[in-house]
Amino acid sequence: MKPAQILLAGVFAAALASTAQAQTTLNVATAGDQNMVDYINDYLGPLFEKQNPGTKVRALGTGPGDAGSQKIFERLDAQAKSNAPAWDVDVAVVHEKITGKLVTDKLLANYRSGIQTANLATRDSSKAALGTPVDGYVMPMFHSQTAIAYNPDIVKNPPSTYDELVDWAKKNPKQFGYNGIKGGMSGVSFVMGWMYAYGPDAKKLQNGPFDAELTKSKAWNYAMANLKEFNKNVTFTPGNAGTLDMLNRGEIAMGPVWVDMFYSWKAEGRLNPSMKLKLVGPGMPGQPMYYVVPAKAAQSDLAKKFVALATSPEVQAEGIVKRFSWYPGIDAKHVQAKLDGATWQKLFTDVTPDDLATKGKSFPVGPYFDAILESYERQTATN
Amino acid sequence: MNQRALGPILVAPALAMVVLFFVYPLAYSLISAFWSPEGWGWANFIKAYELYRNDIVFTVLIIALSTALVGVFSIAIGGYLVLGENPRSVAILKWLYRWPLFIPFVVAGQVMRTFLAKNGMLNNTLVGLELIEPVSAVSLLDWRGIVITFVWKQTPFVALLVAGAMASLDRSMIEAARNLGASRLRILLEIIVPQVRASLTVGLTLSFVTMMSVLSVPLMINAQTPTTITANMAFRINSYGDYGVANALGVISILLTSGVAWLYLRQASKDKSRAIA
Amino acid sequence: MSSSVLNTPALPSSTATHLTTWLPSRALRLLLRGLALGLLAFAVFGPLLNMLLWTVAESWFFPNKLPSAYGFAYWGRVFSPRGNAVESLVNSVSIAVGVVVLSLSLAIPAGYALARLKLPMRSLVLLMFLVPQAFPNLPVYMNIARLFYDVGLNGTYLGVVLVHTVHGLVYAIWIATAAFAAVDHALEEAARISGAGPLRTFSDITLPLAMPGLMASAVFVFLESLDEFTATFFVGAPEVNTLPLLLYTASAGGNYQIASITALILLVPSIGFMLVVERLLRADVLAKVGQ
């Protein structure tokens with residue numbers, strides 16, 4: 001056992017040495033894909049450390065999609081329930097869906113008024129998340145949108161509405177792919193867009209109030225039954241990344257994706273550069289990612305400073321738009337001024353600002369959101 | 001020391017660990033399986049049955065199939081390792097079969113996703129060797145993909161246990177049978193396998209249980225419905241924040257696995273009493 | 001899987017004692033065996049080769065069957081100072097070693113008792129150890145995290161070692177029980193008759209005989225700990241980072257390069273541990289032969 005003991009001792013010594021650094025650590029937990037972790041590690045973290053000597057930013061990825069946000073919620077919830085005096089997450093980046101619950105469960109700090117960029121974000125989504133008021137608790141990191149990605153080598157005339165898309169899928173069976181509702185939000189978003197197109201009262205779905213009768217209405221069931229029919233012509237993909245993956249391998253020609261993920265993959269050379277995007281009418285949902293500060297963050301002042309930096313026009317322009325090709329979280333006019341025209345235009349190559357204004361929808365309010373998912377599950381469970 | 005006290009004393013530390021750090025926190029989850037907005041009752045189980053009964057059957061079927069295949073391949077590998085006559089082949093096999101053991105499930109899922117896809121490496125290789133036509137290439141990213149990934153990942157685990165047990169068998173009986181002219185397949189199935197049954201069933205039971213609780217593989221490979229119980233649990237939690245139904249599914253899962261484990265344990269204790277008697 | 005096992009059932013028992021005399025030609029045999037091993041090699045290494053290619057693929061998309069650009073750019077990212085890869089590797093390995101030590105020291109007495117001594121509700125006890133594997137853990141970890149925050153174990157190495165041990169214990173104990181049960185009673189009784197005390201009998205006879213099984217279980221426990229994500233996330237992070245934490249986001253998010261490189265790094269300690277165990281095993285088996 002001797003060599004093993006020596007190995008063990010060495011390993012422990014190395015572990016101790018590597019953690020023995022006396023500085024303040026700011027823990028940033030982020031849901032979402034690898035690019036979110038990269039954004040903090042490669043860009044925002046070093047910038048913040050330069051401005052605040054003696055601090056170290058530590059990024060922690062919690063996994064893609066709502067599952068990642070849910071883990072942040074569970075972590076904070078566990079600390080709240082055990083009455084921990086100071087929590088170990090200082091800044092969290094979360095999806096829209098969990099934010100309402102984080103606020104109603106009193107897990108977040110109302111920090112927004114304490115930072116100087118507070119007034120730069122005026123979109124509806126910075127006041128309410130899927131119908132739950134979150135004003136004061138959130139600052140948007142960036143805004144994301146779903147759209148249909150397609151391979152122009154195969155698809156010469158991409159559909160521009162759901163109707164045309166349905167037609168196209170019928171003529172090209174199994175060439176349209178999406179990830180259902182259990183494999184990530186891009187598939188969910190496609191389904192929500194479907195309900196806006198064919199279901200009852202798209203406005204009411206997005207703005208509430210919730211009316212249980214609507215979920216039993218004829219239009220609702222009709223839309224669901226049609227979707228089930230449509231599903232016979234599609235290929236199911238394993239997850240958000242799975243859709244891009246299958247596009248990449250030429251197994252499908254078209255599918256719904258997150259615009260930010262699409263651009264990230266493209267920028268890294270991981271996606272066929274000829275791929276294009278199209279936002280189909282009447283519209284598909286998008287959502288912001290929020291910066292939130294937990295109610296008992298150990299470093300709450302530093303956390304506010306961090307969010308202020310992250311939502312400053314300079315960082316939004318340089319980091320979010322220029323480096324990562326994401327739509328800015330704060331209002332566009334503050335960001336556009338910091339950028340040259342070409343960089344700004346690059347954001348809107350495939351999806352124009354006009355498209356975004358008319359076809360970029362929000363997700364349905366919470367109860368409708370859940371009702372749509374559950375109807376979908378029931379449809380597919382009974383085949 | 002008193003013989004009767006010694007057993008419980010030796011088991012106590014390990015048992016305390018599991019009870020304190022898992023069973024106790026688990027109790028909260030079990031309780032929440034019976035709690036729904038309407039109050040205490042079976043509501044979560046009813047919903048789980050309504051929405052996920054296909055998925056439950058699907059899960060049991062594919063995992064049973066995977067377990068069976070793992071068993072067959074492990075016996076074949078172990079058998080060749082003890083009975084193979086070409087030392088070089090035995091050495092190669094011994095070196096070969098263990099590798100997937102070291103690949104975490106999440107990576108196995110990711111690797112298989114690009115390997116088994118319609119235009120993935122497997123089909124590309126087959127097309128390249130002109131074994132199949134490009135048009136007849138099919139995607140295996142459905143239940144078959146899950147089974148392939150599970151078998152790929154779990155066979156080395158069971159084979160390692162089985163081969164270890166086979167290697168420590170008394171060889172005189174094998175030699176005797178061989179001298180009587182018995183075929184190697186018969187020796188394997190009639191002499192060796194019965195003697196290593198304990199290791200084999202431990203391995204298969206543990207494999208079954210492990211596969212039942214893996215989430216990453218079905219999430220990354222299976223795009224279709226039905227899907228596995230774990231994928232649905234994750235969906236209940238992540239999409240609805242609904243721990244009630246998720247925990248109800250967890251209870252169903254633990255009942256299924258305990259059932260299988262119980263079969264094994266009953267068998268094992270029968271063997272034990274026979275050995276003592 | 002192996003050609004000879006599958007191809008010999010038709011062996012006529014009238015023909016003599018040995019297989020080789022029966023088969024038509026050595027060449028065919030060799031060919032079949034080579035084919036079977038080749039197939040197996042493809043089944044095992046095909047997916048792994050795929051992973052290896054991803055670690056150096058900078059650009060790989062349809063209709064290219066192989067990457068169109070190779071390079072080590074992603075390696076640079078994984079090993080960048082902020083990537084935490086080295087620290088995470090050291091953490092992963094030291095935690096896994098700790099888990100193996102703790103699991104075996106709990107499993108050896110427990111396994112012995114379960115296999116050899118009278119125990120009330122023996123099957124139920126065995127079943128208990130299975131529970132952490134049998135209940136899909138997703139909804140349980142928030143409760144565990146709460147407990148660990150309560151007692152101040154969150155964010156500590158000890159905390160992570162404890163949860164991993166709970167998880168790996170079923171491998172250790174079940175396999176240890178089977179290993180001890182397989183030890184021949186007669187050998188122990190012989191030792192007792194020749195005057196050895198119970199402890200002496202255990203350490204000189206029972207333990208060495210059960211050692212192969214125990215070592216195999218150590219490998220599984222080690223691997224289980226090395227691959228664990230959810231528990232580490234809730235109990236360890238952000239203070240204690242391990243490689244699976246890095247790997248998980250990349251892998252689930254479809255960043256195959258980062259995930260494959262991280263997985264490759266994880267292979268190093270796994271295989272290293274396996275080799276160490278093998279060396280120990282062989283020594284023991286040899287010692288047994290000498291007795």
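Reader: Among contacts in chain B between residues at least 6 apart in sequence, what percentage join residues at least 24 apart?

Author: Two residues are in contact if their C-beta atoms, placed from the backbone, lie within 7 Å, and in chain B 75% of the contacts between residues at least 6 apart join residues at least 24 apart. Please keep in mind that this is a predicted model, in which local features need pLDDT of at least 70 and side-chain atom pairs count only at pLDDT 80 or more, while totals for chains, interfaces and linings use all residues. Residues are numbered from 1 along each chain as its sequence is written, and chains are lettered from A and ligands numbered from 1 in the order in which they are written.

Reader: How many helices and strands are there in chain B?

Author: Helices (H or I, at least four residues) and strands (E, at least two) are DSSP runs, numbered from the N terminus; chain B has 12 helices and two strands.

Reader: Why is H5(C) described as largely enclosed?

Author: A residue is buried if 20 or more other C-beta atoms, placed from the backbone, lie within 10 Å of its own, exposed if 12 or fewer, and partly exposed in between. In H5(C), 10 of the 13 residues are buried, so the helix is largely enclosed by the rest of the structure; among them are C:Arg122 and C:Phe129.

Reader: How many residues does each chain bring to the contact between chains B and C?

Author: Chain B gives 86 residues and chain C gives 83 residues, and helix H1 (residues 3-33) supplies the largest share of chain B's side, 19 residues.
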